[in-house]
Amino acid sequence: MSRLVGLLLVLAIAAVAVVAGEIPLSERRSGYESMRPETRSLQDDDTANPGMLWVAEGKDLWSAKPDSASRACADCHGDASVSMKAVAARYPAFSAAAGRPIDLEQRINACRSHQQHASPFVFESRELLAITAYIARQSRGMPIEVGSDPRLEPFVAAGREEFGRRRGQLNLACTQCHDDNWGKHLGGSVIPQGHATGYPIYRLEWQAMGSLQRRLRGCISGVRSEPYAYGAPELVNLELFLMWRARGMPLETPAVRP
Amino acid sequence: MKRRDFLVAGGVGAVFGAAAATARATPAEVLEAVRQLTGPAGVKPGRVTLDLPPLVENGNSVPLTVSVDSPMTAADHVKSIHVFVEKNPQPFVASFHLSPRAGRAVVSTRIRLADTQSVLAVCEMSDGSFFSGSADSVVTLAACTESE
Amino acid sequence: MATALIHVPASAKRGEIVQIKALISHVMETGYRRTSLGAVIPRDILRRFVCTYNGEEVFRAEMYPAIAANPYFAFNAIATESGTFEFTWSGDNGFSKTESVPIKVE
């Protein structure tokens with residue numbers, strides 16, 4: 001209860017001095033920069049970054065046949081460091097088959113179903129996180145390039161609308177914290193701009209790896225709103241908007257975040 | 001409630017029953033645990049340095065480095081380092097066992113801190129003496145609670 | 001099966017002190033958490049980590065629930081001769097895992 005009061009107080013004070021709106025491109029900062037030096041060095045050290053454990057498992061999954069009759073990812077895509085380079089930096093992407101954008105997890109599952117004839121991974125399962133992290137790791141350091149496809153325009157707009165719409169018992173929109181009050185504190189934590197530059201991330205709060213959808217569902221439940229189900233089009237639209245919002249910023253997967 | 005066995009290393013065996021799930025260690029429990037470790041020898045503050053962030057990002061994973069000033073020779077080295085906390089559910093964090101083969105008595109790990117508190121490291125030297133050092137850390141809860 | 005990531009320098013000079021880092025995936029369930037219905041989630045942690053160098057122990061850690069999930073240790077060893085570092089983790093519910101990494105010492 002006191003946390004609710006504290007939150008309202010922070011925003012009430014902050015609202016006076018701040019203008020609502022998108023962050024200018026040159027002022028965008030990754031959440032990495034708001035972290036303490038110890039946490040940053042954790043992300044930077046591949047031998048200490050717990051997210052690399054999932055990347056290592058993903059590497060094993062890449063070469064594993066789902067069953068004796070199916071192909072492994074490697075059988076079609078070969079060396080992931082070559083074939084998957086820059087792929088994650090372009091997702092979510094438009095899928096002609098779906099007639100709408102799909103995120104990387106959905107793309108992987110589409111391959112599982114149609115090319116490997118295997119059952120799709122459950123959202124947020126260890127396997128799906130591992131293979132997504134492994135693929136996304138191949139784009140580490142590359143600039144995010146999402147949303148320029150004209151077919152994605154209505155979906156980016158839908159995502160932007162989600163981002164700006166108040167929701168939940170706390171009646172808050174994402175933009176109020178992450179566009180209007182980034183850099184300020186909520187309790188003991190610095191409010192980040194909320195760029196999706198490092199997903200899947202190893203989040204210290206989760207003590208595990210998690211997807212952007214998990215983070216979004218966490219935030220949505222945090223303002224006391226019923227979160228969308230995993231894979232819901234609203235979440236993918238939000239993911240699309242967030243990646244478009246982070247366009248040009250380097251991908252950091254596997255990032256570490258508090 | 002099952003009794004859980006904990007082996008406190010350094011040649012001293014001790015069995016501590018598990019506290020109830022909501023219980024918390026106290027500074028007195030830490031003192032008792034240290035006393036069980038050192039026996040009548042007692043502990044002198046010094047030679048042990050803890051590198052611990054003064055304000056943590058998240059209590060689930062706090063980086064800790066313990067360094068002991070020691071030549072690490074066969075005649076004079078650190079045998080073990082024991083880490084204690086006073087406000088976690090139990091006082092033990094870890095025990096590290098070294099030998100002259102280590103070269104340097106420096107160990108890093110990541111620990112959980114349930115609350116703002118002090119972390120204490122007691123090390124046993126090859127001559128049977130004990131030295132200690134401590135550091136404080138402020139731990140805050142995450143700002144938003146998720147119902148995931 | 002748990003994944004481990006270990007860093008040992010591939011080579012070192014005789015007498016050089018090398019830093020070794022070992023990370024293993026493990027939830028380190030403390031035994032203090034409860035489900036949303038109030039039932040205690042049973043403890044499931046790693047209890048011991050041992051590093052040997054050509055068969056001789058150079059580092060051992062006894063772990064308690066206060067070690068963070070996905071336990072990480074960094075420690076030192078003097079490179080004396082070429083050979084193998086062996087790492088063994090053991091813990092609750094019969095957990096056991098061993099990994100070996102070679103080192104060349106000139």
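Of the 123 residues in the largest nonpolar core, Leu240(A), Ile81(B), Val93(B), Cys123(B) and Ile67(C) touch the most other members. A nonpolar core here is a set of buried Ala, Val, Leu, Ile, Met, Phe, Trp, Tyr and Cys residues joined through C-beta atoms within 7 Å. Buried means that 20 or more other C-beta atoms lie within 10 Å of a residue's own; exposed means 12 or fewer, partly exposed is in between, and C-beta atoms are placed from the backbone. In soluble globular proteins, nonpolar side chains tend to be buried together.

Please keep in mind that this is a predicted model, in which local features need pLDDT of at least 70 and side-chain atom pairs count only at pLDDT 80 or more, while totals for chains, interfaces and linings use all residues. Residues are numbered from 1 along each chain as its sequence is written, and chains are lettered from A and ligands numbered from 1 in the order in which they are written.

Helices (H or I, at least four residues) and strands (E, at least two) are DSSP runs, numbered from the N terminus. Of the 148 residues in chain B, 42% are buried.

Chains B and C both supply strands to an open sheet of ten strands with mixed pairing, in the order β1(B)-β8(B)-β7(B)-β4(B)-β5(B)-β5(C)-β4(C)-β7(C)-β8(C)-β2(C). β1 (44-45) of chain B and β2 (11-12) of chain C stand at the edges with a single partner strand each, so one side of each is left without a neighbour in the sheet. Helix α1 (residues 27-38) of chain B packs on the sheet, touching β4 (78-85), β5, β7 and β8 of chain B, and its direction makes about 165° with that of β4(B). That angle is taken between N-to-C directions, from 0 to 180 degrees, with axes as lines fitted to C-alpha atoms, for helices over the stretch in contact.

Two strand pairs from this sheet are set out below; strands pair if DSSP finds at least two bridges between them.

| Strand pair | Sense and bridges | Residue partners |
|---|---|---|
| β5 (92-97) of chain B and β5(C) | antiparallel, four bridges | Ser95(B) and Glu62(C) |

**Where the chains meet**

Contact means that the C-beta atoms of two residues, placed from the backbone, lie within 7 Å. By that rule, 23 residues of chain C are in contact with 29 residues of chain B. On the chain C side, β5 (56-63) and β6 (72-78) are the elements that give two or more residues. This side has 18 nonpolar, one polar and four charged residues. Ala, Val, Leu, Ile, Met, Phe, Trp, Tyr, Cys and Pro count as nonpolar, Asp, Glu, Lys and Arg as charged, and the others, Gly among them, as polar. Val93(B) touches residues of both chains, including Val83(B), Ile111(B), Tyr64(C) and Ile67(C).

Chain B also meets chain A, with 15 residues of chain B in contact with 18 residues of chain A. Here the chain B side divides into six nonpolar, six polar and three charged.

**Two spots in chain A**

Ten of the eleven residues of helix α10 (residues 212-222) of chain A are buried, so the helix is largely enclosed by the rest of the structure. Its cover includes β6 (208-210) and α11 (233-245) of chain A.

Gly141(A), in the loop between α7 (126-137) and α8 (153-164) of chain A, is exposed, with 9 other C-beta atoms within 10 Å.

Notes: Lists of a residue's contacts leave out its neighbours within four places in sequence.
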